[in-house]
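Hi there,

Here is the structure I promised to pass on to you. Have a look at it first, and then read my notes below with the viewer open.

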Amino acid sequence: MSPAHARSVRLRRRHALPGWLAGLALAAGTGTPALADWDDDPWADDPWEEEEQWLPFEVDGFVELAGGHHLRDNRLLDKDYNLAEARLRLEARGDWRRFDLRVRGDAVADQVTEEVRGELREARVAFPLGQRLDMRVGRQVLAWGTGDLLFINDLFPKDFNSFLTGRDEDYLQGPSDAVRGTWYGDNVTLDLVWTPVFEPDDYPDGERLSFFNPLDGERTATSPAADDPDTFPDDGELAARLTHRIGSTELAGYFYRGFFPQPEQRLNDRFTHARLNAYGASIRDRIGPGIANAEVGYYDSVDNRDGERSGDVPNSEARLLLGYTWEAVTNLDVGLQYYLEWLQDHDDLEAQWQADDELLPEEYRQVVTTRLTYSMWRDNLTWSLFAFYSPDDADYYLRPSVRYRASDALTYSVGGNLFGGDNEHTFYGQFERDSNLYARVRYRF
């Protein structure tokens, strides 16, 4: 309950008469007398008043049961399922003076890892500094860019173990311990995010998903030795976004200084995260019946700008994303995307490649996606299909799902993560035997 709502509740109580007293007053034709005429105010010593004053926040959350079972035999993993958990979410929100407080966390009983753990998704405070600057400090989930499940300039941490096994799509965006400042100019808005210590992606490591290890040349469930940069403040991250609107057109420029989100640099027999500077831009506007977007980015591999360390340090990349979303017919939304990765200094990489030639990354990697969403029964039943397909890798990833909202509190979801491809070393093809069907039941309170 917010402070303003608590005060309004107390105000209504103080001006409300007990039912029998109001009846007498109306029967006498005198209307409702003022409380000032009565010495004994039955609400003057409201036992809840002090508690409401000192609890200026709201608490809610949900409980959820989720399970996902493999569709194919995967002998690399100990279990036939990669999702089996009970989850309790608690969220607390409140305001104190000029400070906005948020805490959001989960308690998870996980049968896959055979543990009970806590996950802190958010614990931050937001407050203004002057008239134009807003600050947000603490653990928070950050995201920007124009892509739909494809990311170029959004280099904040991603939880791929959640995304690829069937948890709610919201869990794809991982939390960061960061300081964010948003400055509002007359024509532009500037966002600056400083993460004091680098936050890597939560990538497949063999616990829930098997994957292809290029060092061994085969699929494995054993995570390769990797080190995350964790020295403060040298291993921090800095991200910036400058946005501007011209009519209905949204323009943005991006900058990032940190590390590649997943470990790709080889140091002896271990992996680490190579240093990365990224520069990009995006545009979004209404065209015809829908909304179009375009985004570009350049990944500057700081320690391999000339390609001389190709094979040990990732090469620089240029990336492009084009998208369009519209309502094709009533209640049916369609989204299309084209995505391109252009690996720089590919000739140097090819000259220094020592592994199997079939494992040599292509100079160009293209991905096309389609999202179909159909809603019915007043949006209480939603059918969805998201499909990824790479013509260069000849692999795919399908995400069908159905969600039924039985009430404002109770929701049922079923779906699948279906992978396939001609080769087991490609991005989606490596997870072919991790394909699963999942179900979730969530009750909000």
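This is a predicted model: local features need pLDDT of at least 70, side-chain atom pairs count only at pLDDT 80 or more; totals for chains, interfaces and linings use all residues.

**Strands that pair up**

Strand β1 (residues 57–70) and strand β2 (residues 81–96) run antiparallel and are paired over 13 bridges.

β2 and β3 make a hairpin with two residues between them. In that turn, R97 has a positive phi of about 55°. A general point that helps when you look at strands: in a regular one, the side chains alternate between the two faces of the sheet.

Is N293 buried or exposed? With a relative accessibility of 12%, N293 counts as buried because the cut-off for that is under 20%. You will find N293 in strand β16 (residues 290–301). Its side chain makes a polar contact of 3.1 Å with the side chain of T146. Beyond residues up to four places away in sequence, N293 touches T146, I283, R284, L321, L322, G323 and Y324.

T220 is another one to click on. T220 sits in strand β9 (residues 218–220) and is buried, at 11% relative accessible area. A polar atom of the T220 side chain lies 3.0 Å from the backbone nitrogen of T222. Which residues does T220 contact once its neighbours within four places in sequence are left aside? They are L76, S210, F211 and N213.

**Aromatic rings**

How many aromatic pairs does a search of the whole structure find? The search gives 19. One of them is Y324 with W326: the ring centres are 5.5 Å apart and the planes are at 35°, so this pair is tilted. Y324 is partly exposed, with a relative accessible area of 22%, and W326 is partly exposed as well, at 23%.

Now compare Y397 and F419. Their ring centres lie 4.3 Å apart with the planes at 10°, so the pair is stacked. Y397 belongs to strand β21 (residues 395–405) and F419 to strand β22 (residues 410–421), so the pair ties together parts that are 22 residues apart in sequence. Y397 is buried, with a relative accessible area of 1%, and F419 counts as buried at 1% relative accessibility.

Y397 and F419 also belong to a cluster linked by ring pairs. Its members are F163, F386, F388, Y397, F419, F427, Y428 and F431.

**Charges over rings**

Finally, there are two spots where a charged end sits over a ring. For K158, the ring is that of F151, and the charged end is 4.7 Å from its centre. For R442, the ring belongs to F62, with the charged end 3.8 Å from the ring centre.

Enjoy exploring, and write back with any questions.

Best wishes

Technical notes
Residues are numbered from 1 along each chain as its sequence is written. Side-chain values use heavy atoms; hydrogens and water are left out. Helices (H or I, at least four residues) and strands (E, at least two) are DSSP runs, numbered from the N terminus. Buried means under 20% relative accessible area, exposed over 50%, partly exposed in between (1.4 Å probe, protein chains only). A polar contact is a pair of N or O atoms within 3.5 Å; within protein, one must be able to donate a hydrogen and the other to accept it, and residues adjacent in sequence count only if both atoms are side-chain atoms. Contact means heavy atoms within 4.5 Å. Two strands pair if DSSP finds at least two bridges between them. Rings of Phe, Tyr and Trp (its six-membered ring) pair if their centres lie within 6.5 Å; planes under 30 degrees apart count as stacked, over 60 as edge-to-face and the rest as tilted. A charge sits over a ring if NZ of Lys or CZ of Arg is within 6 Å of the ring centre and within 35 degrees of the ring normal.
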